[in-house]
Amino acid sequence: QVQLVESGGGLVQAGGSLRLSCAASGSTINTRIMGWYRQAPGKQRELVATITRTSTINYADAVRGRFTISRDNAENAVYLQMNSLKPEDTAVYYCAAGSAGSWSDQLYYWGKGTLVTVSS
């Protein structure tokens with residue numbers, strides 16, 4: 001099992017930046033796909049970005065060019081750099097992990113989330 005804890009959320013003005021961190025414990029992330037999802041009020045959870053064990057990256061169209069996902073296997077952590085934030089980026093952001101050693105893109109382990117609020 002891997003436990004995930006997000007941090008770095010907060011209140012920021014439109015056009016600003018935030019960096020989210022996801023610290024993993026209980027197991028290493030180096031052979032897992034990792035991802036960030038978000039859920040805005042009244043909406044379903046949606047993909048933000050994923051990064052595979054070989055660092056192949058996928059972004060949602062809504063964030064491509066503004067957000068950057070990265071991983072540091074030595075630190076057992078994943079990050080999400082968010083630039084040019086918009087009010088519609090307001091959501092709870094969740095870190096997620098796949099199974100160790102799997103080439104599947106399924107994410108099974110979830111953190112509790114960190115709230116990002118972007119004011120206009």
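Q: Which residues does Asp89 touch, not counting residues up to four places away in sequence?
A: In this predicted model, Asp89 touches Arg38, Arg66, Phe67, Ser84, Val116 and Val118 once residues up to four places away in sequence are set aside. Asp89 itself lies in the loop between β8 and β9.

Q: Why is Asp89 called buried?
A: The relative accessible area of Asp89 is 1%, and the term applies to any value under 20%, so Asp89 counts as buried.

Q: What makes the pairing of the Asp89 and Arg38 side chains a polar contact?
A: The side chains of Asp89 and Arg38 are joined at 2.9 Å, and the cut-off for such a pair of N or O atoms is within 3.5 Å; the pair therefore qualifies as a polar contact.

Q: Why is the link of Cys22 and Cys95 called a disulfide?
A: The sulfur atoms of Cys22 and Cys95 are 2.0 Å apart, and a disulfide requires them to be within 2.5 Å, so the pair meets the criterion. The pair links distant parts of the chain, with Cys22 in strand β3 (residues 18-25) and Cys95 in strand β9 (residues 91-97), 73 residues apart. Both cysteines, Cys22 and Cys95, are buried, and the angle of -75° about the S-S bond makes their link left-handed. A search of the whole structure finds one disulfide.

Q: Which residues touch the most other members of the largest nonpolar core?
A: They are Trp36, Leu80, Met82 and Tyr93, in a core of 29 residues. Among the elements that give two or more residues to this core are β3, β8 (77-82) and β9.

Conventions. Residues are numbered from 1 along each chain as its sequence is written. This is a predicted model: local features need pLDDT of at least 70, side-chain atom pairs count only at pLDDT 80 or more; totals for chains, interfaces and linings use all residues. Side-chain values use heavy atoms; hydrogens and water are left out. Helices (H or I, at least four residues) and strands (E, at least two) are DSSP runs, numbered from the N terminus. Buried means under 20% relative accessible area, exposed over 50%, partly exposed in between (1.4 Å probe, protein chains only). A nonpolar core is a set of buried Ala, Val, Leu, Ile, Met, Phe, Trp, Tyr and Cys residues joined through side-chain atoms within 4.5 Å. A polar contact is a pair of N or O atoms within 3.5 Å; within protein, one must be able to donate a hydrogen and the other to accept it, and residues adjacent in sequence count only if both atoms are side-chain atoms. Contact means heavy atoms within 4.5 Å.
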